[in-house]
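Hi,

Here is the structure I promised to pass on.

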Amino acid sequence: MAVKNPHFYFPFNFGAIPHELADYDNAKVAILPVPYDATTTYQSGTRNGPMAIIEASRSLEFYDEESGRNFSEIGICTLDELDVVDEAGKMVNRVYESVKVLLDDGKRVVLLGGEHSLSSGSVKAHLEKYPDLTVLHVDAHADMRDEHSENRYNHGCVARRISEMCPLVSVGVRSIAEEEADHIKGSVGRIKVFFAKDLDKNGDWIGDVVKNLGENVYITIDLDAFDTSIMPSVGTPQPGGLGWYDVLELMRRISGGKNVVGFDVTELMPIAGNYAPNVLAAKLVYKLIGYFFCRE
Ligand SMILES: [Mn+2]
């Protein structure tokens, strides 16, 4: 399957990784791009997110300056984009079925959105393999509505759908409806929210987050969790978000104490001519592959 790669080719895959390391059979990590954004509630365009992340990733160094390692050696296969269907429930199920196949093949899965609703399909597949799963949800929004625009699979309902399957910890939230806040208050022990406004007041909020997670963790990241100064390329921006090093520190500490079994990065809505947010998303994916899947 792998094409022998003469050195003058620059492979078109996540990280521009040499073909032998990007071959499905050899790769430990599978990148699943899903260009879907049918239910977005403000600006649309996250369907262009996966390809923008892959394009930006090709400018990254293999060498990670923090660990001194080359994470691409683990083998990272970029799959073809998943074919999309309009209806969100069907799309979520298609993600579930795809991720299930990848997990059965022994891959670690990285889902690239696309809109955030897709994540519940990936969580469902992981939960079947890891029944004690906890989900860490990093997002500006609670995403805890039971339905939005008469759709239970709207991207504003994804945390609610996930919390119906397994315990959920949300971090970075700064936009929440009253009905969502009431639901969270009634779900003590099952849903824990770390609001963005409280993080700086708490000396070791990262330690508190880690304490609320079980052994096996799935991480779903909506890029609007980041501050808009560094991540303007999202469809539903909110001021007052997380910094780059805040998120890396959180992820590094989680990787030290927990087994992160899979993750997704969603809701990149590329802005023409502004490439820095795309690179942020790509570098985040590469760093997380290193933290979570290249542990020794
Ligand atoms: Mn969000």
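How are α2 and α10 oriented to each other: roughly parallel, roughly antiparallel, roughly perpendicular or oblique? They are roughly perpendicular to each other, as their axes cross at roughly 75 degrees and come within 8 Å. For the labels, angles under 35 degrees count as roughly parallel, over 145 as roughly antiparallel, 65 to 115 as roughly perpendicular and the rest as oblique. Axes are lines fitted to C-alpha atoms, for helices over the stretch in contact, with angles from 0 to 180 degrees between N-to-C directions.

Two points before going on. This is a predicted model, where local features need pLDDT of at least 70 and side-chain atom pairs count only at pLDDT 80 or more, while totals for chains, interfaces and linings use all residues. Residues are numbered from 1 along each chain as its sequence is written.

Back to that helix pair: α2 covers residues 49-57 and α10 residues 276-293 (helices are DSSP runs of H or I, at least four residues, and strands are runs of E, at least two, numbered from the N terminus). α10 has 15 of its 18 residues buried, so it is largely enclosed by the rest of the structure. Buried takes 20 or more other C-beta atoms within 10 Å of a residue's own, exposed 12 or fewer, and partly exposed is in between, with C-beta atoms placed from the backbone.

Then the sheet. It is open, with 8 strands paired in parallel in the order β4-β1-β5-β10-β9-β6-β7-β8. Its edge strands, β4 (76-78) and β8 (191-195), each pair on one side only, and the twist averages 15 degrees from one strand to the next. Pairing takes at least two DSSP bridges between two strands; β9 (216-222) and β10 (259-266) are joined by 7, with isoleucine 219 bridged to phenylalanine 263.

Some loop residues to check too:

- Alanine 27, between α1 (19-22) and β1 (29-34), counts as buried because it has 23 C-beta neighbours inside 10 Å.
- Glycine 114 sits in the loop between β5 (108-113) and α4 (119-129), and the peptide bond to it from glycine 113 is cis, with omega near 10 degrees.
- Serine 149, in the loop between β6 (134-138) and α5 (158-163), has a positive phi near 55 degrees and counts as exposed, with 10 C-beta neighbours inside 10 Å.
- Glutamate 150 lies in the loop between β6 and α5; its phi is positive, about 60 degrees, and with 6 C-beta neighbours inside 10 Å it counts as exposed.

Cheers
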